[in-house]
Amino acid sequence: MAIPKNIILVIIGFVVTLFSIVLATPGTATFYTNYVPSACYGNKAQGTRIAAASDSLWGGGKICGKTFNVTCTGPTNPVPHPCTGKSIVVKIVDHCPGCGGTLDLSKEAFSTIANPVAGVIKINYVQ
Ligand SMILES: *[C@@H]1O[C@H](CO)[C@@H](O)[C@H](O)[C@H]1NC(C)=O
């Protein structure tokens with residue numbers, strides 16, 4: 001007996017879901033406020049849905065212009081519930097040499113997903 005098509009579709013859906021969970025990378029995020037000039041775009045402002053990449057992501061600038069969907073997953077410090085429950089898509093416009101975290105978000109982007117009082121948060125990000 002052949003396997004019914006709808007079962008195969010359910011299995012494919014399950015594998016795709018698993019795959020996207022695996023592709024979400026955990027990290028930490030901080031924020032910054034002076035957006036221009038940037039390492040990727042010089043004096044051309046790119047709005048506020050932006051972020052700077054830490055050394056681990058920078059890759060000599062190859063990451064410039066790539067977008068990431070960033071979700072707050074929890075606190076890194078005693079500020080108890082920093083996450084707003086929202087996520088935000090940001091574009092990499094700058095390099096943050098020696099940044100402790102993974103992504104340095106614009107203050108606006110950070111404030112969308114978390115309370116800026118927290119300063120540093122745990123995130124998941126998907127390219
Ligand atoms: C970003 O990720 C969140 C959480 O996984 C998801 O709910 C949301 O739809 C995503 N947004 C975009 C634009 O992909």
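Visitor: Which residues are around the ligand?
Guide: Asn69, Thr71, Ser87 and Val89, where a residue counts if one of its heavy atoms lies within 4 Å of the molecule. Keep in mind that this is a predicted model: local features need pLDDT of at least 70, side-chain atom pairs count only at pLDDT 80 or more, and totals for chains, interfaces and linings use all residues. Residues are numbered from 1 along each chain as its sequence is written, and side-chain values use heavy atoms, with hydrogens and water left out.

Visitor: How far is the polar side-chain atom of Asn69 from an oxygen atom of the ligand?
Guide: That distance is 2.5 Å.

Visitor: And how much of the ligand's accessible area does the protein cover?
Guide: On its own the ligand has 360 Å² of accessible area, and the protein covers 31% of that. Those areas come from the Shrake-Rupley method with a 1.4 Å probe.

Visitor: Which elements give two or more residues to that shell?
Guide: Strand S3 (67-75) and S4 do. Strands here are DSSP runs of E with at least two residues, helices are H or I runs of at least four, and both are numbered from the N terminus.

Visitor: OK, moving on to Lys91. Where is it, and is it buried or partly exposed?
Guide: Lys91 sits in strand S4. With a relative accessible area of 22%, Lys91 is partly exposed; buried means under 20%, exposed over 50%, and partly exposed is in between (1.4 Å probe, protein chains only).

Visitor: Which side chain does Lys91 make a polar contact with?
Guide: The side chain of Gln46, at 2.7 Å. A polar contact is a pair of N or O atoms within 3.5 Å; within protein, one must be able to donate a hydrogen and the other to accept it, and residues adjacent in sequence count only if both atoms are side-chain atoms.

Visitor: What else is Lys91 in contact with?
Guide: Leaving out neighbours within four places in sequence, its contacts include Tyr41, Arg49, Ile50 and Thr67. Contact means heavy atoms within 4.5 Å.

Visitor: What about Thr102, buried or exposed?
Guide: Thr102 counts as buried because its relative accessibility is 12%. Thr102 lies in the loop between strand S4 (87-96) and strand S5 (103-106), and among the residues it touches beyond four places in sequence are Gly27, Ser54 and Tyr125.

Visitor: Last one: which residues does the cis peptide bond join?
Guide: Val36 and Pro37, with omega about 0°. Pro37 is in the loop between strand S1 (25-32) and strand S2 (50-54).
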